[in-house]
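Trainee: Let's go through the side-chain contacts in this one, then the pocket.

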Amino acid sequence: MEGDKPFVEVVAALIWDEDKFLICQRPANKASGLLWEFVGGKVELSETKAQALKRECQEELAITVEPREVFTEVTHEYPDITVHLTLFNCTISNGQPQLLEHNDMKWITSAEISNYEFCPADEEILEIIKTIKRSN
């Protein structure tokens with residue numbers, strides 16, 4: 001039933017470098033530890049989704065991103081929380097990704113997705129990414 005568990009607004013960045021995109025491995029001590037995800041996090045009450053994404057990327061990877069259009073949105077129900085995830089196409093305007101919070105990070109092609117175990121909320125998104133052919 002709706003309302004029994006917290007509903008959280010989350011944003012994430014889909015950052016491409018030619019035919020590869022950036023994924024990050026969650027720290028072992030956090031929920032869904034060591035699963036892979038897109039960089040991002042919770043939207044605070046006082047900020048827009050774009051502002052939240054810029055802040056999270058700065059905090060987690062020491063990069064400045066420029067959120068562009070929304071790639072997709074999904075709502076995923078975990079046992080204890082419902083997450084509404086908005087994934088933005090982003091470009092890095094400043095900095096090189098650094099591991100400030102994550103256990104690891106990788107640039108992968110869509111063909112390599114199945115080699116990694118992702119957070120459940122990301123799986124629907126990854127199915128979409130597998131169908132795209134990057135050409136730029």
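**Contacts and pocket**

Trainee: Start with R55. What does it count as by relative accessibility?

Mentor: R55 counts as partly exposed, at 22% relative accessibility. Buried means under 20% relative accessible area, exposed over 50%, and partly exposed in between, with a 1.4 Å probe and protein chains only. Bear in mind that this is a predicted model, with local features needing pLDDT of at least 70, side-chain atom pairs counting only at pLDDT 80 or more, and totals for chains, interfaces and linings using all residues. Residues are numbered from 1 along each chain as its sequence is written, and side-chain values use heavy atoms, with hydrogens and water left out.

Trainee: Which side chain does R55 meet in a salt bridge?

Mentor: E44, at 3.8 Å from N to O. A salt bridge here is a side-chain nitrogen of Lys or Arg within 4 Å of a carboxyl oxygen of Asp or Glu. E44 sits in the loop between β4 (40-42) and α1 (49-61), while R55 is in helix α1, so the pair ties together parts eleven residues apart in sequence. Helices (H or I, at least four residues) and strands (E, at least two) are DSSP runs, numbered from the N terminus. E44 is partly exposed too, at 42%.

Trainee: Which residues are linked with E44 and R55 in a network?

Mentor: E47, E56 and E59 join E44 and R55 in a network of salt bridges.

Trainee: And how many salt bridges are there?

Mentor: Eleven. One of them joins E101 and K30, at 3.6 Å. E101 is in the loop between β6 (82-94) and β7, and K30 in the loop between β2 (20-25) and β3, 71 residues apart. E101 has a relative accessible area of 33%, and K30 has 42%. There is also D104 with K106, where the closest N and O atoms are 3.3 Å apart.

Trainee: Switching to aromatics. How many pairs?

Mentor: Three. Rings of Phe, Tyr and Trp (its six-membered ring) pair if their centres lie within 6.5 Å; planes under 30 degrees apart count as stacked, over 60 as edge-to-face and the rest as tilted. W36 and Y116 have ring centres 5.1 Å apart and planes at 70°, so they are edge-to-face. W36 is in strand β3 (36-37) and Y116 in the loop between β7 (104-108) and α2 (123-130), so the pair ties together parts 80 residues apart in sequence. W36 is buried, at 7%.

Trainee: Which residues form the aromatic cluster?

Mentor: W16, F21 and F38.

Trainee: Last topic, the largest pocket. Which residues lie nearest its centre?

Mentor: V10, R26, E37, K42 and V83, out of 28 lining residues. On a 1 Å grid over the protein atoms alone, a pocket is an open set of points where a 1.4 Å probe fits, with protein on both sides within 12 Å along at least five of seven lines; lining residues have an atom within 4 Å of a point.

Trainee: Which element gives the most to the lining?

Mentor: β1, with four residues. β1 (7-17), β4, α1 and β6 each supply at least two.
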